[in-house]
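I opened the notebook to record what I looked up in this structure, entry by entry.

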Amino acid sequence: AQLGQANKNTAQMEAAYDRGVVDAAEAKTLTDAQLGQANKNTANMEAAYDQGVLDAAEAKTITDAQLSQANRNTANMKAAYDRAKMDADTANSMLYKEQELRLGLKG
């Protein structure tokens, strides 16, 4: 009877061991799947980072181009101002000469 009980106990321990082996294999499969997912997540984050770097570089290029355009616009406005001032100075000079002639200040 004791031998029979010992055999039952041994069979139960073997079954428990087998379940443990199955559980361990399943846990490893889950861990491998989680690792695979983590690697995918990492790759996605790296891709997003790279895209961010590209976006930043593109934004800098656009900003540099806008700055260059703004500088050209400023230069154009300065030139237009200078021309307008020259025109105003010329008009004032002509007006002054006309007044001098009217008043007979110059012969």
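Entry 1, a charged pair. I began with Lys 60 and Asp 64, whose side chains meet in a salt bridge with 2.8 Å from N to O. The model is a predicted one, and I keep that in mind for every value that follows. I noted that Lys 60 and Asp 64 both belong to helix 1 and stand four residues apart, about one turn of the helix. I then looked up their accessibility: Lys 60 counts as exposed because its relative accessibility is 52% and exposed means over 50%, whereas Asp 64, at 36%, counts as partly exposed.

I searched the whole structure and found five salt bridges, and I followed up two others among them. Asp 32 forms a salt bridge with Lys 28, and I read 2.8 Å between the closest N and O atoms. These residues, Asp 32 and Lys 28, also both lie in helix 1, four residues apart, or about one turn of the helix. Lys 28 is exposed, with a relative accessible area of 51%, while Asp 32 is partly exposed at 40% relative accessibility. Glu 98 and Arg 102 meet through their side chains in a salt bridge at 2.7 Å, N to O, and because they are four residues apart in helix 1, about one helical turn separates them. I recorded Glu 98 as partly exposed, with a relative accessible area of 39%, and Arg 102 as exposed at 66% relative accessibility.

After helix 1 comes Gly 104, which has a positive phi, near 70°.

Along the principal axes, the C-alpha atoms of the protein fill a box of roughly 150 × 15 × 10 Å. The radius of gyration is 45 Å, whereas a compact globule of 107 residues would have one near 13 Å. I also noted that buried residues make up 1% of the 107 residues, and that the protein exposes about 9400 Å², of which carbon and sulfur atoms supply 61%.

I counted 12 positive and 15 negative side chains in the protein, with the centres of the two sets 12 Å apart.

Terms used:
Residues numbered from 1 in each chain as written. Predicted model: local features only at pLDDT ≥ 70, side-chain atom pairs only at ≥ 80, totals over all residues. Heavy atoms only, no water. Helix = DSSP H or I, 4+ residues; strand = E, 2+ residues; numbered from the N terminus. Rg over C-alpha atoms; globule rule 2.2 N^0.38 Å. Buried < 20%, exposed > 50% of the residue type's maximum accessible area, 1.4 Å probe, protein only. Areas by Shrake-Rupley, 256 points an atom, 1.4 Å probe, with all protein chains shown as cover. Lys, Arg positive; Asp, Glu negative; His and termini not counted. Charge placed at Lys NZ, Arg CZ, Asp CG, Glu CD. Salt bridge = Lys/Arg side-chain N within 4 Å of Asp/Glu carboxyl O.
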